[in-house]
Amino acid sequence: ILTGIMIAGFIYFSGFLMAKGEIGVNNFFSFLAAMMLSYQPVRSLATLNMSVYQAAAAAERIFALLDRESKIKNNPGLPGIKIKNSNINFENINFQYDVGSDDAVKNINLNIQGNKVTALVGHSGAGKSTILNLIPRFYQPQNGKILIDNQNISEISLNSLRKNISLVSQDVILFDDTVENNVRYARLNSTQNEIIEACKLAAADEFIKNLPEKYNTIVGENGLRLSGGQKQRISIARAILKNSPIILLDEATSSLDADSESKVQNAIFNLTKNKTTLVIAHRFSTIRKADNIVLMSKGNVIATGTHNELLNNSKEYKNLYEKQILN
């Protein structure tokens, strides 16, 4: 309203001056055009302070994160890990998160055999993901030690440890780049033929060939242009390309439909062949094929064995299995 009144007043006053011959018509229209063009930039100044406050609040959070000292650092002076059989042993492991009052895992003693598939099962909050995250040292246990081929992972180079581990989780992180570069992220010096071969083994090549620019297709921010199953297969292709001796699978098929899950399961079979694999899955179609199954409850290991052994000897495992079959 104020803007309309101002423009109307300006036109009236300018008309009065033109009638008296004090300004010309060309000067009037030049000034009017300049005023209308400057209106929006001047108006935006009113909201500038809001943008500044929002940026300052975001910067404060970002700088707080950047300034936070990492508790787990790579020490280049430590020796690199030497993988032979890739056996993983947990010895008296206790771990508590900073925000919790109880231990997430308690007195864990666990032997994960090399070149075999071990599955972790149990209700939500049982400590399965904590066990998985301790192996690449995303967290440091308060007590106990984790050994890979009798080497304490706290006494070896962090970089060498993580180079020998591939992680496939339900939350796939993709960059706003081509399919080829997203897969190459696992091993930056890989050739295009190696990437294509990895995608074939991951059952990703079939859908990539149908994309507009095939391997040069931009996937969008965090894989926006791909389905959940397609993103998962690209993640598996990364792990195949990395070719690490230890594979960690964290709910890799939890959000997929039946058709996508079948393709991803076949890709996982190619990925885990002759590798030490630790898998978390709620679907027993994945679990029952494992060489060894670890049943967890409230941070404790309560039973271990094959699928048939646990069905016969563990009431808790049998209840979990029957509930899923009925559902």
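The lining of the largest pocket in this predicted model divides into 13 nonpolar, three polar and five charged residues. The volume of this pocket is about 700 Å³. A total of 21 residues line the largest pocket, and those closest to its centre are Ile165, Leu167, Tyr185, Arg238 and Lys242. Two elements, strand 6 and helix 9, each give two or more residues to this lining. Of these, strand 6 gives the most, with five residues.

Strand 6 spans residues 165–169 and includes Val168. Is Val168 buried or exposed? Val168 has a relative accessible area of 0%, and because the limit for a buried residue is under 20%, Val168 counts as buried. The C-alpha atom of Val168 is separated by 7.2 Å from that of Ala239, although the two residues are 71 residues apart along the chain.

The second largest pocket holds about 350 Å³ of space. Its lining consists of 18 residues, and Val117, Ile268, Phe269, Thr272 and Lys289 lie nearest its centre. Helix 10 (258–272) and strand 8 (276–280) are the elements that give two or more residues to this lining. The largest share, five residues, comes from helix 10.

In soluble globular proteins, nonpolar side chains tend to be buried together. In this model, the largest nonpolar core has 41 residues. Which residues have the most contacts inside this core? They are Cys199, Ile208, Ile236, Leu271, Ile287, Ile293 and Tyr317. Helix 9, formed by residues 228–242, supplies the largest share of the core, six residues. A second, separate core has 30 residues, including Ile72, Phe95, Leu161 and Ile246. To return to Ile208 of the largest core, the contacts of Ile208, leaving aside its neighbours within four places in sequence, are with Val179, Cys199, Lys214 and Tyr215. Among these partners, Cys199 is itself one of the residues with the most contacts inside the largest core.

Four of them form an open sheet in the order 2-1-4-5, with antiparallel pairing. Strand 2 (105–112) and strand 5 (151–152) are the edge strands, each of which pairs on one side only.

Within this sheet, strand 1 (residues 88–95) and strand 4 (residues 143–148) run antiparallel and are joined by five bridges. Which residue of strand 4 does Asn89 stand opposite? Asn89 stands opposite Leu147. Elsewhere in this pairing, Asn94 has Asn143 of strand 4 as its bridge partner.

Strand 4 also pairs with strand 5, in the antiparallel sense and over two bridges. Strand 4 and strand 5 form a hairpin with two residues between the strands, in which Asp149 takes a positive phi near 50°.

Definitions and conventions. Residues are numbered from 1 along each chain as its sequence is written. This is a predicted model: local features need pLDDT of at least 70, side-chain atom pairs count only at pLDDT 80 or more; totals for chains, interfaces and linings use all residues. Side-chain values use heavy atoms; hydrogens and water are left out. Two strands pair if DSSP finds at least two bridges between them. Helices (H or I, at least four residues) and strands (E, at least two) are DSSP runs, numbered from the N terminus. Buried means under 20% relative accessible area, exposed over 50%, partly exposed in between (1.4 Å probe, protein chains only). A nonpolar core is a set of buried Ala, Val, Leu, Ile, Met, Phe, Trp, Tyr and Cys residues joined through side-chain atoms within 4.5 Å. Contact means heavy atoms within 4.5 Å. On a 1 Å grid over the protein atoms alone, a cavity is a set of points where a 1.4 Å probe fits but cannot get out, and a pocket is an open set with protein on both sides within 12 Å along at least five of seven lines; lining residues have an atom within 4 Å of a point. Grid points are joined across faces, edges and corners, and a volume is the space filled by probe spheres set on the points. Ala, Val, Leu, Ile, Met, Phe, Trp, Tyr, Cys and Pro count as nonpolar, Asp, Glu, Lys and Arg as charged, and the others, Gly among them, as polar.
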